[in-house]
Amino acid sequence: MNIKPLGDRVVIKKIEVEEKTKGGIVLPNSAKEQPQMAEVLAVGPAIANDEKRKDEIKVGDKVIFSKYAGTEVKLDGEEYTILKLNDILAVVE
Amino acid sequence: MNIKPLGDRVVIKKIEVEEKTKGGIVLPNSAKEQPQMAEVLAVGPAIANDEKRKDEIKVGDKVIFSKYAGTEVKLDGEEYTILKLNDILAVVE
Amino acid sequence: MNIKPLGDRVVIKKIEVEEKTKGGIVLPNSAKEQPQMAEVLAVGPAIANDEKRKDEIKVGDKVIFSKYAGTEVKLDGEEYTILKLNDILAVVE
Amino acid sequence: MNIKPLGDRVVIKKIEVEEKTKGGIVLPNSAKEQPQMAEVLAVGPAIANDEKRKDEIKVGDKVIFSKYAGTEVKLDGEEYTILKLNDILAVVE
Amino acid sequence: MNIKPLGDRVVIKKIEVEEKTKGGIVLPNSAKEQPQMAEVLAVGPAIANDEKRKDEIKVGDKVIFSKYAGTEVKLDGEEYTILKLNDILAVVE
Amino acid sequence: MNIKPLGDRVVIKKIEVEEKTKGGIVLPNSAKEQPQMAEVLAVGPAIANDEKRKDEIKVGDKVIFSKYAGTEVKLDGEEYTILKLNDILAVVE
Amino acid sequence: MNIKPLGDRVVIKKIEVEEKTKGGIVLPNSAKEQPQMAEVLAVGPAIANDEKRKDEIKVGDKVIFSKYAGTEVKLDGEEYTILKLNDILAVVE
């Protein structure tokens, strides 16, 4: 299945980091804080058509985004987040 | 009956997905979450006249839209949602 | 009496639909939901002068409008609603 | 005394309508609803200089305006309302 | 001392009107309503440089302004109000 | 130490006025109202580059500013206020 | 690891100042006020491409920023703040 974001939106997939408490216990998802790191899966046409912004972000980039920004959607059992480019703070290399 | 949305609005019809609980019970509509998937039935003239946006969406597309966005209307016993193009997040193929 | 709406406003008259409960009782006005369907009586000059929007709506059109949008006025015993074109969602044919 | 409204403002004087209850009792002012009908006394320079809007309204017109819009002022014992052109809904002929 | 308002601001001095209650008692300041009438003392440069607005108001004009608009300042024992031109409703002649 | 304000910001230093109560007691700082008078120490580049506004204010001017506007910062034991030009009401000469 | 801020954002690292109470006790981080001073680590492309603003700030500058502005992120055990250029008040030299 293929998701094409509209306007200046971006589709990202959160990167889950396995996390241990100091005592060594692996925390299940629901007990961890929301991750802020994600991978870019698709970029909307209004970004690609904006001469000034089209080089800022591309598919495959690892990005930091505003916690709670955007809308979470579930497709074929996978969870994605669709958010505006303005809610992405930085690219991490 | 024919609905022509004004301005940058879109008429969509939600796609109901039959859903079962883990125990196999089919949930009636009122107990399910609002669906986020819909099919595009009509597109307003301000979208068709916008060179940058007119290719983003067309009648028949399956789209994901912001939960609770737009206005629900009932015509001839059928339920539709009229919403702004900006409340549509992505096209799914 | 003649009402000429200013700017991008439209004068509409709600279309009352006689409605029966399942038990066959005709509900008086006050017990029904606000109607959302109306007929266009007059269109403001800012719409007629807007090349992009002037073809979207005309006197006599049946329209769907945002519930509670606009201002209700009573003239010569008749009730009208004056609202902005942007509060009209669609034309129904 | 002469009031010249600034910008896109208009000076109006409410038209009081003598009103009787069904039982024939004339209601004093304070018991009636705020009137919505008024006569235009003066029009600000930003309206006269706006090619698109200057024909919409002129001194002497009877208008319908948004209840509670604008500011009431008392000069020489007379009450006026100064409001923006955008708070005038329609001209009644 | 000389106050030069910045931008589109205006310096005004409220005109106090001696007011008697019906019983003939002169009300001290604190018991009266805020006056709405004032004289213009100075006009900011953004007004003088605006071809469309510079003729609307000049030093010495008597004006009506929005109650509570602007900021009151005390200089050398005198009270002034500094407010935006947009908070001045009309010039009274 | 040198503070260079960014954009359309201005650095000011409040002018403390020694104040006595009617009984002759000198009030310490914390019991007085916030002063509204200040001296301009530095002006941001967006003001210097704005042909229309660059003559409105300069270093050394005594200004009146909106109470509570801006951000107070402490550097080397001195207190300054950094605020937008729009929060400065007037220059006093 | 390298963080590239998007749009008109800036990546800064707060400058921790060791602080003693009057009694000489060194306060741990959590008991101190949020620092307002920081060093610039990276500047977004929308700043570099803005002819008017690109000279206002550069990597290595010491800046004062609005307390609580921006988003704190933790990468490889280091804490950074990503904020808009408009939330940076001044450069300190």
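How many bridges join strand 1 of chain F to strand 7 of chain G, and do the two run parallel or antiparallel? In this predicted model, which I would like to walk you through this morning, strand 1, residues 3-5 of chain F, is joined to strand 7 of chain G by 3 bridges, and the two strands run antiparallel. To pick out one of the residues involved, Pro5(F) has Ala90(G) as its bridge partner in strand 7 of chain G.

Let me now turn to the interface as a whole, where 14 residues from chain G and 14 residues from chain F take part in the contact. The area buried between chain G and chain F comes to about 1,300 Å², and carbon and sulfur atoms give 59% of that area. On the side of chain G, Glu56(G), Leu89(G) and Glu93(G) supply 43% of the area that this chain buries against chain F, which is more than any other three residues supply.

Strand 7, residues 88-92 of chain G, gives the most to the side of chain G that touches chain F, with 5 residues. Sorted by class, that side of chain G has 9 nonpolar, 2 polar and 3 charged residues.

How values were computed: Residues numbered from 1 in each chain as written. Chains lettered and ligands numbered in written order. Predicted model: local features only at pLDDT ≥ 70, side-chain atom pairs only at ≥ 80, totals over all residues. Heavy atoms only, no water. Contact = heavy atoms within 4.5 Å. Buried area = accessible area lost by both parts, 1.4 Å probe. Helix = DSSP H or I, 4+ residues; strand = E, 2+ residues; numbered from the N terminus. Nonpolar A, V, L, I, M, F, W, Y, C, P; charged D, E, K, R; others polar. Pairing = 2+ DSSP bridges.
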